[in-house]
Amino acid sequence: MDFTCIFFGVVFIMTGILFAFGKCHIHLSAWKHMPQQEKENIRIGPLCRNIGGIIALSGIIFLSKGLLPAFENRCFVAAMILWLILAGFDVWYINKSNRYCVK
């Protein structure tokens, strides 16, 4: 059992859930300093669900590393590399998609 990974897993899962329900973005400095006109052009609900899911997924990976002995270092590293690739594609999708913009 790796208590550090368990701790980070729980923290990331909780943060991801809070993000998905739209409770965390209001605390971000970038959101606080964004002009109201820009805020009105963003569909924040779907964007928060997307980002919350990505954060929670990293928490699941960390929690798996902490709780499952079969999830060794090599498996953990491979899972984190795949997560980084997925997160990169997600950022690309957010930038290219009109799903998160109000028209």
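**Entry 1: a proline in a loop**

I began with Pro 69, which counts as exposed at 75% relative accessibility. The cut-offs I applied are under 20% relative accessible area for buried, over 50% for exposed and partly exposed in between, with a 1.4 Å probe and protein chains only. I found Pro 69 in the loop between H4 and H5. I then compared its place with that of Leu 84: Pro 69 and Leu 84 are 15 residues apart in sequence and 23 Å apart in space, C-alpha to C-alpha.

**Entry 2: the basis of these notes**

The model is a predicted one, in which local features need pLDDT of at least 70 and side-chain atom pairs count only at pLDDT 80 or more, while totals for chains, interfaces and linings use all residues. Residues are numbered from 1 along each chain as its sequence is written, and side-chain values use heavy atoms, with hydrogens and water left out.

**Entry 3: the overall fold**

I looked up the secondary structure and found 5 helices and 0 strands. The pattern along the sequence reads α-α-α-α-α. Helices (H or I, at least four residues) and strands (E, at least two) are DSSP runs, numbered from the N terminus. Along the principal axes, the C-alpha atoms fill a box of roughly 50 × 25 × 20 Å.

I noted that 33% of the 103 residues count as buried. The accessible surface comes to about 7100 Å², and 69% of this surface belongs to carbon and sulfur atoms; the areas come from the Shrake-Rupley method with a 1.4 Å probe, and for residues only the protein chains shown count as cover.

I also looked up contacts, meaning heavy atoms within 4.5 Å. Among contacts between residues at least 6 apart in sequence, 70% join residues at least 24 apart.

**Entry 4: the nonpolar core**

Which residues make up the largest nonpolar core? I listed 10 residues in all: Cys 5, Ile 54, Ile 61, Phe 62, Phe 71, Phe 76, Ala 79, Met 80, Trp 83 and Ala 87. Such a core is a set of buried Ala, Val, Leu, Ile, Met, Phe, Trp, Tyr and Cys residues joined through side-chain atoms within 4.5 Å. Helix H4 (44–67) and helix H5 (73–96) each supply at least two residues of this core, and the largest share, 5 residues, comes from H5. In soluble globular proteins, nonpolar side chains tend to be buried together.

Leaving aside residues up to four places away in sequence, Phe 71 touches Ile 61, Ser 64, Lys 65, Phe 76 and Ala 79.

Is Asp 90 buried or exposed? I found Asp 90 in helix H5, and its relative accessible area of 13% makes it buried. Residues up to four places away in sequence aside, Asp 90 touches Asn 50, Ile 51 and Ile 54. Asp 90 and Asn 50 are 40 residues apart along the chain, and their C-alpha atoms are separated by 8.4 Å.

Pro 46 is found in helix H4 and counts as buried at 11% relative accessibility. From C-alpha to C-alpha, Pro 46 and Gly 16 are 13 Å apart in space, and they are 30 residues apart in sequence.

I ended with Ser 97, in the segment after H5. At 13% relative accessibility, Ser 97 counts as buried. A polar atom of the Ser 97 side chain lies 2.9 Å from the backbone nitrogen of Arg 99.

Terms used: A polar contact is a pair of N or O atoms within 3.5 Å; within protein, one must be able to donate a hydrogen and the other to accept it, and residues adjacent in sequence count only if both atoms are side-chain atoms.
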